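Subject: Handover of a structure model

Dear colleague,

Please find the structure below for your own work. My notes on the contents follow it.

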Amino acid sequence: MRSLTIRDLSKTYFDAYAGSHVDAVRGVSLEVTQGEFVSLVGPSGCGKTTILNMIAGFIPCSGGEIRLDGRAIHGPGPDRGVVFQSFALFPWKTVLDNVGFGPKMRGVPKAERDRTAREYLELVGLAHAADRYPNELSGGMQQRVGVARALANNPEVLLMDEPFASVDAQTRMTLQEELTRIWQERRPTIIFITHDVSEAVFLANRVIVLSKGQILDEVDIALPRPRVWDKLHEDAAFKSLSGKVLQLVRSA
Amino acid sequence: MRPEGRLKSIAYFFAPLLALLVLWQATITVFDVNPRVFPGISAVWHAAVTSIADGTLIQHIGASLTRVAVGTVIGIAISVPLGMAMGVLPAVATFLTPLMRFFSVLAGIAWIPIATLWFGYGFGAITFVIFNAVFFVVAYNAMLGVSTIPMRLRYAAASLGAGPWRTLTEVLLPGALPNIVTGIRTGLGFAWRGLIAAEMIATNVGLGYMLFMARDFYRTEVIVMGMIVIGLLWLLLDRLLLAPLERATVERWGMVERT
Ligand SMILES: Nc1ncnc2c1ncn2[C@@H]1O[C@H](COP(=O)(O)OP(=O)(O)OP(=O)(O)O)[C@@H](O)[C@H]1O
Ligand SMILES: [Mg+2]
């Protein structure tokens with residue numbers, strides 16, 4: 001069984017203005033098994049983005065280690081797909097070419113990667129926008145392209161940093177439902193960062209609560225799938241789990 | 001663009017020029033201006049027809065455009081990779097920015113004296129002036145273009161499997177392209193002015209030389225004809241080549257919200 005193993009991870013930043021060190025992440029250990037959907041929640045500044053950036057390989061860790069499938073990670077790589085909060089689509093590429101970017105880097109021929117890209121655009125409901133440029137799309141559509149682009153590269157782990165934070169509430173709910181549906185179909189390993197408690201509970205199998213750079217507690221979410229807001233909205237189990245996580249976050 | 005739209009934009013382009021011609025001829029006629037001071041339209045037209053017929057105008061234009069083309073191509077070929085390399089490292093970009101600004105402003109005519117010392121009078125010195133005008137502005141803009149590409153786009157490329165080379169061709173080059181094109185447009189503007197000035201001093205063929213020689217013989221109609229040719233050539237170059245290029249990148253990609 002492939003898995004992501006994080007052991008005793010820490011990160012110390014040097015704050016140039018204050019002239020002092022900031023312990024953003026302190027001794028975080030975490031095991032994520034293949035196909036798991038994990039949410040990381042916590043108040044602003046508790047180190048969520050820092051953890052994700054270290055897993056993605058964008059920044060080095062100050063201590064501890066991250067292993068994927070037994071191998072220590074070095075820098076960014078296609079085994080860890082990232083969906084950015086600010087989309088990070090290439091403005092000079094069409095939607096189709098954005099989604100086909102990963103396969104292109106692997107040397108997949110044009111016809112084949114176009115087919116793959118169309119398949120994933122279909123999956124996120126954007127087949128009709130294939131030939132448009134990102135700046136011609138709404139925020140919600142751009143984020144769907146971001147999800148399709150990460151998925152089309154078939155990563156072992158999908159890292160998502162508040163990907164739905166910048167879209168309106170209705171679109172956000174649709175995107176959340178789509179993501180759970182896609183996860184059920186494809187079963188990628190997902191680490192999803194958010195500070196929205198109900199989003200974390202709605203999406204994940206397991207919610208991990210962070211506080212001041214450390215893991216405070218974790219809550220298993222044994223809600224049935226498929227998950228849709230119409231059903232879960234008034235669901236007693238959903239409410240009690242959300243309440244429990246919320247309490248943890250507020251005590252953080 | 002639809003035919004009637006194109007026709008309209010051509011009309012908008014030529015209407016003010018036409019108005020200027022009318023005003024010009026009216027002034028000459030009303031005040032009975034001495035042709036040694038300023039020529040009439042017919043004299044200029046005549047000068048144009050003669051110099052086209054005897055092939056001299058084409059020769060001058062050819063010489064000028066060749067210098068611009070050679071200087072510009074060499075300038076772009078060297079400045080784009082260099083500017084981009086400087087832009088990749090933020091510290092280098094910050095360090096070099098004031099220097100590049102300084103030389104961008106200085107580029108062009110200020111280099112003519114030293115260029116003639118280095119290359120003698122003729123093709124070399126003038127091409128160097130053109131090269132210089134293009135080089136610093138394009139290098140500065142290429143550097144700026146690369147250093148303003150959001151870090152997350154480089155991260156995105158890396159986490160999709162792009163190595164250094166692919167990052168260069170797929171992210172840095174297209175990301176900097178709008179700035180590079182703007183730099184080429186600005187640099188060529190400097191170059192064109194520098195060219196005319198340099199040709200007055202450092203050669204015996206070219207549009208600038210044609211103007212300067214005509215002065216010695218009080219041939220105001222040749223001078224004005226030359227000025228018109230210089231202006232028109234630039235307008236054509238800018239409108240037909242540079243502006244569409246800039247539009248194709250900057251507007252199409254909506255690169256304004258890129259920061
Ligand atoms: N580059 C940096 N230099 C110095 N300090 C930093 C840097 N990046 C983050 N920090 C600090 O590290 C801590 C954790 O930041 P991080 O961005 O990981 O928080 P977060 O949980 O993602 O917050 P948010 O919910 O607001 O996105 C904060 O105190 C922040 O100020
Ligand atoms: Mg964050």
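Predicted model: local features only at pLDDT ≥ 70, side-chain atom pairs only at ≥ 80, totals over all residues.

Helices (H or I, at least four residues) and strands (E, at least two) are taken as DSSP runs and numbered from the N terminus.

Residues are numbered from 1 along each chain as its sequence is written, chains are lettered from A and ligands numbered from 1 in the order in which they are written, and side-chain values use heavy atoms, with hydrogens and water left out.

The interface

Chain B contributes 21 residues and chain A 24 residues to the contact (heavy atoms within 4.5 Å). Together they bury about 2,100 Å², of which 67% is on carbon and sulfur atoms; buried area here is the accessible area (1.4 Å probe) that two parts lose on being put together, summed over both. B:Ser159, B:Leu160 and B:Glu170 supply 31% of the area that chain B buries against chain A, more than any other three residues.

Between the two chains there are 2 salt bridges (a side-chain nitrogen of Lys or Arg within 4 Å of a carboxyl oxygen of Asp or Glu). The interface also holds 5 residue pairs in polar contact, both residues being at pLDDT 80 or more. A polar contact is a pair of N or O atoms within 3.5 Å; within protein, one must be able to donate a hydrogen and the other to accept it, and residues adjacent in sequence count only if both atoms are side-chain atoms. On the side of chain B that touches chain A, the elements giving two or more residues are α7 (151-159), α8 (164-202) and α10 (220-253) of chain B. Of these, α7(B) gives the largest share, 7 residues.

B:Glu170

B:Glu170 is buried at a relative accessible area of 7%, where buried means under 20% relative accessible area, exposed over 50%, and partly exposed in between (1.4 Å probe, protein chains only). Leaving aside residues up to four places away in sequence, B:Glu170 touches A:Trp92, A:Lys93, A:Phe101, A:Lys104 and A:Met105. Its side chain forms a salt bridge with that of A:Lys93 (2.6 Å, N to O) and a polar contact of 3.0 Å with that of A:Lys104.

Salt bridges within the chains

Over all chains, the count is 21 salt bridges. In one of them, the closest N and O atoms of A:Glu36 and A:Arg206 are 2.7 Å apart. This pair links distant parts of the chain, 170 residues apart: A:Glu36 is in the loop between β2 (20-33) and β3 (37-41) of chain A, and A:Arg206 is in strand β9 (residues 206-211) of chain A. Both A:Glu36 and A:Arg206 are buried.

In chain B, the side chains of B:Asp238 and B:Arg185 meet in a salt bridge (2.9 Å, N to O). That pair joins helix α10 to helix α8 of chain B across 53 residues. B:Asp238 is buried at 11% relative accessibility, whereas B:Arg185 is partly exposed at 27%.

Ligand 1

Residues around ligand 1 (a heavy atom within 4 Å of it) include A:Tyr13, A:Thr49, A:Glu162 and A:His195. An oxygen atom of ligand 1 lies 2.4 Å from a polar side-chain atom of A:Ser44. A ligand oxygen is also 2.7 Å from an N or O atom in the side chain of A:Lys48, and one is 3.0 Å from a polar backbone atom of A:Gly47.

With kind regards
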